[in-house]
Amino acid sequence: MKMQYINGVWRHSVSGKTYSVYNPATGEVIEEVARGGKEDGHLAIDAAQNALPLWAKKTAKERSMYLKTVADKLREQIEDLAAIITTEMGKPVAEAKGEVNLAADYLEWYAEEGKRIYGDTIPASSETKRIIVLRQPVGVVGAITPWNFPIAMLARKIAPALAAGCTVVLKPAEATPLTAIEVMKIFHEVGLPKGVLNLVHGDAAPIGDAMMERQEVRKITFTGSTKVGKELAAKASATMKKISMELGGHAPFIIFEDADLERAAEGVIASKFRNAGQTCICTNRIYVQKTIAERFSDILVTKMKNLVVGNGLYPEVTIGPLINEAAVAKTEEHIQDAIQKGAKVIYGGKKPAGEEYDNGHFYEPTVLLHATHEMKIATEETFGPVAPIFEFETEKEALHFANDTSYGLAAYFYTKDISRVFRMSEGLEYGIIGINDPVPTTEQAPFGGVKESGVGREGGKYGLEDYLEYKFLSLELDL
């Protein structure tokens, strides 16, 4: 049975309750873990608050060494960590290895970026005054991470927080606590001071309430749905906590008639079907210029025949299971709604048959033609392996369709026209834009959305901002 990590000690939940973690590919129980609750959250916050003064006083170089060492150990243990990720959430093991490397990259990046937290000296308006601006850690951070990237999202939040001198209470997704537990083991092994990093897993609502109620928690960082993000933001306002939130997305993928169609089809597959379509920045709507729509669809379907659905632990598998049966049901609902409103399935469109699929949450990668904006799939985030193809005629029309949503996380377009690159990039209302690039995420760039897709940015120098406060010092001298 797996425990929580609070104040440098592995411990059971206060209630003594446990819950089961399931393999979505087989339906089997992987492990029993402690079911934490509100009391556990308070204990973790106490530990983080007590550890804050000493951790904040450490030099940037001292904090950097912990992050670098953990990054090295993640890479050393990549095989084992990837297997855990695949077992508890389903993604193919090759993708899981890529995620472990990305997590290590975030830790390594912030190990260095934390050394560049600079203040300022500002010319004063009086000859007897001196003005200094300090940058100091915001305080205790409550970090809530999702199941679809159980190590990368954890690292993207922990790394800048620790680099800035903050302490952390981490709440991973209930479905995927095992990866977080392994990461805590590594931090413990390298000697991170007790209380600096704490792990509470279990019931999301009461643990979240503990974070929201406590004045000591000065910042909340959350990745998840827009609905939950709004609820957390409202609760955080009671104590005026800083918030950074990466929320839902509904990414358009626009293909112009001058694009390299082979490359664009490969880009759709990389964006749409990575993690079985279970990413916040994955393609949701494919807009293809009418003159090339039929040709592009044929190319896409031909390439999709190379995709293999199955248990992600098998090396030949490229599409793993969905996280649970509710995700399968939502995927089916969106497809059936689209069919009833005129869409045509030209590839996939059903659960795969066979004994190896019977106990898992699998769905075939699917392509829909003749998608329209009256369909649920045009406005709701599917989070499944379904690619609906819409048609457009002009660039202006494509831009209008792409922006006609409350989301604004990621968008993609393919073209060879450099002038169009700038027109579209400046016109798209999204925080991340991939131009002939279906996988833009990288540790040195700002990741986040606009509109209802989030607040703040993670990654690069920008990711440190929300973990720091400005302090203005005005000094009157006796001259």
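These are my notebook entries on a predicted model of one protein.

**Overall form.** I began with the protein as a whole and found 13 helices and 20 strands. I then looked up the radius of gyration, which is 23 Å; the globule rule gives 23 Å for 479 residues, so the protein is as compact as a globular protein of that length. Along the principal axes, the C-alpha atoms fill a box of roughly 75 × 60 × 40 Å.

In the UniProt record, an unreviewed entry, I found the annotation "domain: Aldehyde dehydrogenase" for residues 10–472. Over residues 10–472 I recorded 38% helix and 20% strand. The end C-alpha atoms of that stretch are 40 Å apart.

**A sheet of three strands.** I turned next to an open sheet with the order S5-S6-S20 and antiparallel pairing. Strand S5 (120–122) and strand S20 (468–476) are the edge strands, each pairing on one side only. On average, and with direction ignored, neighbouring strands of this sheet are turned by 25 degrees against each other. Between S5 and strand S6 (residues 129–137) I found three bridges, and the two strands run antiparallel. Within this pair, Ile122 stands opposite Ile131 in S6.

**Helix H12.** Which residues of helix H12 (residues 395–403) are buried? I listed Glu395, Ala398, Phe401, Ala402 and Asn403.

**Two residues with positive phi.** Before this entry I reminded myself that most residues other than glycine have a negative phi. Ala276 has a positive phi, near 55 degrees. I located Ala276 in the loop between helix H9 (261–272) and S13. Is Ala276 buried or exposed? Its relative accessible area is 2%, so Ala276 is buried. Asn436 is not a glycine and has a positive phi of about 55 degrees. I located Asn436 in the loop between strand S18 (432–435) and strand S19 (454–455).

Conventions:
Residues numbered from 1 in each chain as written. Predicted model: local features only at pLDDT ≥ 70, side-chain atom pairs only at ≥ 80, totals over all residues. Heavy atoms only, no water. Pairing = 2+ DSSP bridges. Helix = DSSP H or I, 4+ residues; strand = E, 2+ residues; numbered from the N terminus. Axes fitted to C-alpha atoms, helices over the stretch in contact; angles between N-to-C directions. UniProt positions renumbered as here; feature names shortened; annotations may be inferred. Rg over C-alpha atoms; globule rule 2.2 N^0.38 Å. Buried < 20%, exposed > 50% of the residue type's maximum accessible area, 1.4 Å probe, protein only.
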